[in-house]
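The report below concerns a set of annotated positions and their surroundings. Please keep the sequence and the coordinates at hand while reading.

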Amino acid sequence: MKIERVDLQRIKIPLNSPFETSMGVETHKECILVRAYSGAHVGFGESVAMDVPVYNEEDVDTVWYMLEKYLIPQLFSREIEHPDDVSRLFSWMRRNHMAKAALEGAVWDLYAKMNGLSLSQALGGTRTTIDVGVSIGIEPTIEKLLQRVEGFIRDGYKKIKVKIKPGFDVEPMRAIRNTFGPDVPLMADANSAYTLADMEMLKALDGFGLIMIEQPLAHDDIIDHATLQRELKTPICLDESIHTVEDARKALELGSCRIINIKIGRVGGLTDAKKIHDLCETRGVPVWCGGMLEAGIGRAHNIAMASLSNFTIAGDTSPSHRYFAEDIVTPVIDFAAPGMLAVPTTPGIGFDINESSIRNALIEHKSYYANRESTTTVIPTW
């Protein structure tokens, strides 16, 4: 396929409620949508980069810049036989994984549509439904947290992930276990909030029968995590530390973790996410699909990725209404059964685009053409 045109759209959507982690508080989702055109077909991607570089070094502005200056012109420079070619085409550029993933995701969707395949089929997915967990931000009180947990258990979520930080860690876990019992599938996500100096507190979490503790130590560490994992009964899951299949291999060989969270944007796209999935499967290490508060396009990509065979732990891809009053796809993403999402079987991502919702959220739209000048529309909304 020859990519003839790429559109970038910057949008900003309010969240239904603030979402707090150890890194800060989010009140809205600002992101870049990507459309890749070839003939009569168009594929859709979504950048997961935040509007401030707190999760990693990228933000919405850097993604737009890298797409415009380097990645889109390179994509125009040759024909693409398969979406895997895009990962190789962009391999010369260091990092900037979220920018690469946004454009590569649109090419994957385009490829699937042109070949009459669902995105899941194109990736080699085998599941018809995926289990869904929920991620709960840091609540103002333990009582409020317990109310949220009770509602999500009632809704049928298959995993309860609770964000923790120093001063809000052992007691919330104890309260959940005392209130709801030992059978609730519970995990803690620290988002790099601790150091080895907190070893005794982290060891105290062993008493709560957690599925895992996610990324307790530094965002770029695999050495101290290996030290910590030797001291814990609870599996450590790495998130922020894993950017490539080589990072995953080294972490597993060092014993830094027993579970890996795969986020498509963090690792550079669907092709590289699949490589990490395949490595972990050969090592007998379970994986799950993490979330970045994606809007509907990114959420659809997560569903397709989570249909692969080794995604044996419920991911973070909740229904649309968990975060947004109005999503950017139709039909809205919702449970097929309590705690389960259906994997679409129609070509591509399996959802239509809600153009009205995108227009309402639009900040800027720019079109790039393989053979002529680009055009820009700035929407003075925000």
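Predicted model: local features only at pLDDT ≥ 70, side-chain atom pairs only at ≥ 80, totals over all residues.

## Active-site lysines

The unreviewed UniProt entry lists Lys163 and Lys263 under "active site". In the model, both Lys163 and Lys263 are included in the lining of the largest cavity.

Lys163 belongs to strand E6, which covers residues 160-163, and with a relative accessibility of 7% this lysine counts as buried, because the limit for that class is under 20%. When residues up to four places away in sequence are set aside, Lys163 touches Phe19, Glu20 and Thr21, the run Ser135, Ile136, Gly137 and Ile138, and also Phe168, Asp189 and Asn191. Lys263, by contrast, is placed in a loop, between strand E10 (259-262) and helix H10 (264-267); its relative accessible area is 6%, and Lys263 is therefore buried. Beyond residues up to four places away in sequence, Lys263 touches Tyr55, Asp239, Gly290, Gly291 and Met292.

Under "binding site", the unreviewed UniProt entry covers Asp189, Glu214 and Asp239. These residues are spread over 51 residues of sequence, yet they cluster in space, the largest C-alpha distance among them being 9.6 Å.

Asp189 is part of strand E7 (residues 186-189), and Glu214 is part of strand E8 (residues 213-214). Asp189 counts as buried because its relative accessibility is 0%, and Glu214, with a relative accessible area of 0%, is buried as well. Apart from neighbours within four places in sequence, Asp189 is in contact with Lys161, Val162, Lys163, Ile164 and Glu214. The contacts of Glu214, with residues up to four places away again left out, include Asp189 and Asp239, and among the others are Lys161, Asn191, Asn261 and Trp288.

## The loop at Gly133

Gly133 lies in the loop that runs between strand E4 (129-131) and strand E5 (134-136). Its relative accessibility of 0% is the reason why Gly133 counts as buried.

Neighbours within four places in sequence aside, Gly133 is in contact with Tyr157, Lys158 and Lys159, and also with Ala314, Gly315, Asp316 and Ser318. From Gly133 to Phe152 the separation is 19 residues in sequence, and the C-alpha to C-alpha distance is 9.1 Å.

How values were computed. Residues numbered from 1 in each chain as written. Heavy atoms only, no water. UniProt positions renumbered as here; feature names shortened; annotations may be inferred. 1 Å grid on protein atoms, 1.4 Å probe; cavity = no way out; pocket = protein on both sides within 12 Å on 5 of 7 lines; lining within 4 Å. Helix = DSSP H or I, 4+ residues; strand = E, 2+ residues; numbered from the N terminus. Buried < 20%, exposed > 50% of the residue type's maximum accessible area, 1.4 Å probe, protein only. Contact = heavy atoms within 4.5 Å.
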